[in-house]
Amino acid sequence: MIDPVLLRENPELIRQSQAARGDSVELVDLALTADTERRTAIGEYENLRASQNAFGKKVAAAPKDEKKALVAEAQTLAASVKEANQRVQDAELSFSGLVGAIANPVLPGVPSGGEENFVTLREVGTRPDFDFEPRDHVEIAELIGAFDLQRGAKVSGARFYFLTGIGARLEIALMNLALEKAIANGFTPMITPTLVRPEIMRGTGFLGEHADEIYYLPADDLYLTGTSEVALAGFHSDEILDLTDGPYRYAGWSTCYRREAGSGGKDTRGILRVHQFNKLEMFSYVLPEDAEAEHLRLVGYQEELLTSLGLNYRVIDVAAGDLGSSAARKYDIEAWVPTQGTFRELTSTSNCTTYQARRLDARYRTESGKTAPVATLNGTFATTRWLVALLETHQRADGSVRVPEVLRPYLGGLEVIEPLNGRRA
């Protein structure tokens with residue numbers, strides 16, 4: 001949840017954030033009222049408890065002939081304490097529900113508005129210029145035997161697929177390249193669970209308005225994750241972290257699952273928008289004052305990788321209304337897809353400030369000895385979308401695909417992926 005002190009001391013900042021996101025501003029005032037009622041209920045309970053304790057001592061010290069009347073009075077006082085405690089619990093529940101529905105306050109400079117109101121920070125690289133009619137990634141994949149959509153649908157339904165032959169090898173090569181990049185920059189590799197408990201999914205902020213995107217197993221009360229960010233955020237829940245030697249950085253390799261609810265007819269051709277994919281997720285636990293610098297660092301790692309793969313891309317500052325509830329700022333990197341004549345998201349990198357850590361109780365010890373929430377950040381590396389951009393960008397007139405030099409060591413030195421010409425993948 002957001003910091004209750006910030007809500008209390010600077011509600012206007014929260015109102016502005018809610019307005020920029022297109023979320024309810026009234027929710028802030030409801031949360032403030034609930035906070036006042038909660039604190040009043042706590043004060044009344046504590047006063048009654050103090051009275052009860054003092055009266056208990058009086059009863060203990062009273063003469064035997066007076067105790068009977070005093071015990072009856074003590075029982076009445078105990079009932080009042082019990083009622084006051086219930087009022088506190090009710091007030092806490094009401095406050096938690098309201099403040100928990102308020103999204104992470106956006107950072108200064110984040111664009112207001114919805115999906116189309118992003119700001120382009122930079123475009124890098126050159127868009128490919130073909131002297132032939134370029135094929136889309138599905139046509140290329142059919143020529144080189146990179147994936148099988150029909151059998152994916154036969155086995156699992158729409159938006160499932162088999163990566164086959166060179167397609168499987170390319171994805172593994174990309175994942176390994178990304179993993180080596182992460183390790184070189186101090187990230188500990190992790191293979192994470194893909195099923196998590198509700199409190200972990202809720203703590204990361206994924207059970208809000210987009211909960212219908214998540215696969216749920218009611219018989220087990222577990223959720224399938226759409227990113228290893230969820231498991232990595234839960235990894236240090238209910239812990240005090242020692243950040244004196246620097247951030248905790250992890251690179252989570254996992255299969256991911258998303259319903260893609262409500263996206264029918266949008267980007268459904270090929271493997272752009274699918275229900276299952278593999279991904280490497282960078283995840284950092286840092287001191288709150290270091291979060292913005294860490295955010296830029298994560299984006300820099302991603303840009304280095306896209307540049308090494310010869311992709312034309314742009315970095316955008318995502319508008320507030322297109323942020324998830326846990327992100328205070330998000331930078332997306334979108335690669336140019338030639339046959340679509342547009343950019344498509346390949347990576348997203350979010351600064352969640354202390355929002356997730358506060359909900360999951362991941363803390364560090366301050367100089368005063370008290371504990372405070374850490375900041376968490378996440379950034380994506382490889383997914384199937386990288387294959388789309390790679391195949392289309394590096395295609396050649398004869399249907400072959402040039403392998404970027406940086407990927408060749410992971411493919412046995414392969415320089416060009418040739419069409420199968422009737423051969424099996």
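**Close-up views of the predicted model**

View 1. The side chains of Arg122 and Glu303 form a salt bridge with an N to O distance of 2.5 Å; a salt bridge is defined as a side-chain nitrogen of Lys or Arg within 4 Å of a carboxyl oxygen of Asp or Glu. Because Arg122 belongs to strand E1 and Glu303 to helix H10 (residues 291-308), the pair ties together parts that are 181 residues apart in sequence. Helices (H or I, at least four residues) and strands (E, at least two) are DSSP runs, numbered from the N terminus. Arg122 is partly exposed, with a relative accessible area of 35%, whereas Glu303 is buried at 11%. Buried denotes under 20% relative accessible area, exposed over 50%, and partly exposed the range in between (1.4 Å probe, protein chains only). The structure holds 18 salt bridges. The model is predicted, so local features need pLDDT of at least 70 and side-chain atom pairs count only at pLDDT 80 or more, while totals for chains, interfaces and linings use all residues. Residues are numbered from 1 along each chain as its sequence is written, and side-chain values use heavy atoms, with hydrogens and water left out.

**View 2. The salt bridge of Arg269 and Asp136.** The side chains of Arg269 and Asp136 meet in a salt bridge, with N and O 2.6 Å apart. This pair links distant parts of the chain, 133 residues apart: Arg269 is in the loop between strand E9 (248-257) and strand E10 (276-286), and Asp136 in the loop between E1 and helix H5 (137-144). Arg269 counts as partly exposed at 49% relative accessibility, and Asp136 as buried at 13%.

View 3. Strand E11 (residues 313-317) is largely enclosed by the rest of the structure, because 5 of its 5 residues are buried. Tyr313, Val315 and Asp317 point one way from E11, and Arg314 and Ile316 point the other way. In a regular strand, side chains alternate between the two faces of the sheet. E11 runs antiparallel to strand E1 (residues 119-124), to which 5 bridges join it, and 5 bridges also join E11 to strand E12 (residues 329-337), again antiparallel. Two strands are taken to pair if DSSP finds at least two bridges between them. Glu123 stands opposite Arg314 of E11, and Ala335 of E12 is the bridge partner of Tyr313.

View 4. Glu334 forms a salt bridge with Arg314, their closest N and O atoms being 2.7 Å apart. Glu334 lies in strand E12 and Arg314 in strand E11, so the pair ties together parts that are 20 residues apart in sequence. Glu334 is buried, at 10% relative accessibility, as is Arg314, with a relative accessible area of 17%.

**View 5. Arg38 and its salt-bridge network.** Salt bridges that share partners join Arg8, Asp35, Arg38 and Glu92 into one network. Arg38 lies in helix H3 (residues 26-61) and is buried, with a relative accessible area of 12%. Leaving aside residues up to four places away in sequence, Arg38 touches Arg8, Ala91, Glu92 and Phe95; contact means heavy atoms within 4.5 Å.

**View 6. The crossing of helices H5 and H12.** The axes of H5 and helix H12 (residues 384-393) come within 9 Å and cross at roughly 80 degrees. Axes are lines fitted to C-alpha atoms, for helices over the stretch in contact, and angles run from 0 to 180 degrees between N-to-C directions. The two helices, H5 and H12, are therefore roughly perpendicular to each other; this class covers 65 to 115 degrees, with angles under 35 counted as roughly parallel, over 145 as roughly antiparallel and the rest as oblique. His137, Ile140 and Ile144 of H5 make the contact with Val388, Leu391 and Glu392 of H12.

**View 7. The surroundings of Thr384.** Thr384 lies in helix H12 and is buried, at 2% relative accessibility. Apart from residues up to four places away in sequence, Thr384 touches Tyr161, Glu171, Ile271, Val274 and Phe277.

**View 8. An open sheet of 3 strands.** The strand order is E5-E7-E6, with antiparallel pairing. Strand E5 (195-196) and strand E6 (216-217) are the edge strands, each pairing on one side only. E6 and strand E7 (residues 222-224) are joined by 2 bridges, and Leu222 in E7 is the bridge partner of Leu217.
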